[in-house]
Amino acid sequence: HHGIAVVLMEQAMHQPSFQPCPSRTRRRHQHGVMIVEFALVAMLFFSLLLGIMEFGRWMFTLNAAAEATRWGARLAVVCAHNETQIAQIKQRMRALLSDVSNAQIVIAYSPAACDTAACIVTVSLVNATFTPLIPYFGVPVSIPPFTTSLSRESMDSSENPDCL
């Protein structure tokens, strides 16, 4: 018995005391690959997510531009035809679409010296731009021109609460 114990101890001394499990070693080597794959997929996912958000902002801006021209035309047909009222109409339109300046809003009366009964009012939004919030791609994009035309109503603007 003593001889077998010596042989077993000699074998134990020549072999390493710890041998890692082959599947555990493979998993440790795969850990770095998983991190790289996650980084690539996450980059693609977040780019897609930001693109969807910017598209939503673009659609919101287009809707706000269309609504601002409609609102401006509705006010222009019932309010007095003077510089004070035109400035107020432009201010209300800019409340709906804040990135627009007064120079980009055009309010035209046809004929120019029209009375309240025979007049066409045209409100346009021209040369407006949309600037995306995506980093490094914040290049302004032109918004197409929006125009709304309505016939002027014969209404006393002094009594209209929208024309104050």
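Author: This is a predicted model. To begin with one side chain, Phe46 is partly exposed, at 48% relative accessibility.

Reader: Which residue forms an aromatic pair with Phe46?

Author: Phe45 forms that pair with Phe46. The arrangement is edge-to-face, with 5.3 Å centre to centre and 65° between the planes. Phe45 is partly exposed, with a relative accessible area of 48%.

Reader: How many aromatic pairs are there by this rule?

Author: The count is two aromatic pairs. Besides the pair of Phe45 and Phe46, Trp58 and Phe130 form an edge-to-face pair, 5.5 Å centre to centre with 70° between the planes.

Reader: Where do Trp58 and Phe130 lie?

Author: Trp58 belongs to helix H2 (residues 22-78) and Phe130 to strand S3 (residues 129-130), so their pair ties together parts that are 72 residues apart in sequence.

Reader: And is Phe130 buried or exposed?

Author: Phe130 has a relative accessible area of 6%, and it counts as buried because that value is under 20%.

Reader: Let us turn to the strands. How many bridges join S1 to S2?

Author: Six bridges join strand S1 (residues 105-110) to strand S2 (residues 120-125), and the two run antiparallel. Tyr109, for instance, has Val121 in S2 as its bridge partner.

Reader: Which way does S2 run relative to S5, antiparallel or parallel?

Author: S2 and strand S5 (residues 146-151) run antiparallel, joined by six bridges. Ile120 has Ser151 in S5 as its bridge partner.

How values were computed: Residues are numbered from 1 along each chain as its sequence is written. This is a predicted model: local features need pLDDT of at least 70, side-chain atom pairs count only at pLDDT 80 or more; totals for chains, interfaces and linings use all residues. Side-chain values use heavy atoms; hydrogens and water are left out. Rings of Phe, Tyr and Trp (its six-membered ring) pair if their centres lie within 6.5 Å; planes under 30 degrees apart count as stacked, over 60 as edge-to-face and the rest as tilted. Buried means under 20% relative accessible area, exposed over 50%, partly exposed in between (1.4 Å probe, protein chains only). Helices (H or I, at least four residues) and strands (E, at least two) are DSSP runs, numbered from the N terminus. Two strands pair if DSSP finds at least two bridges between them.
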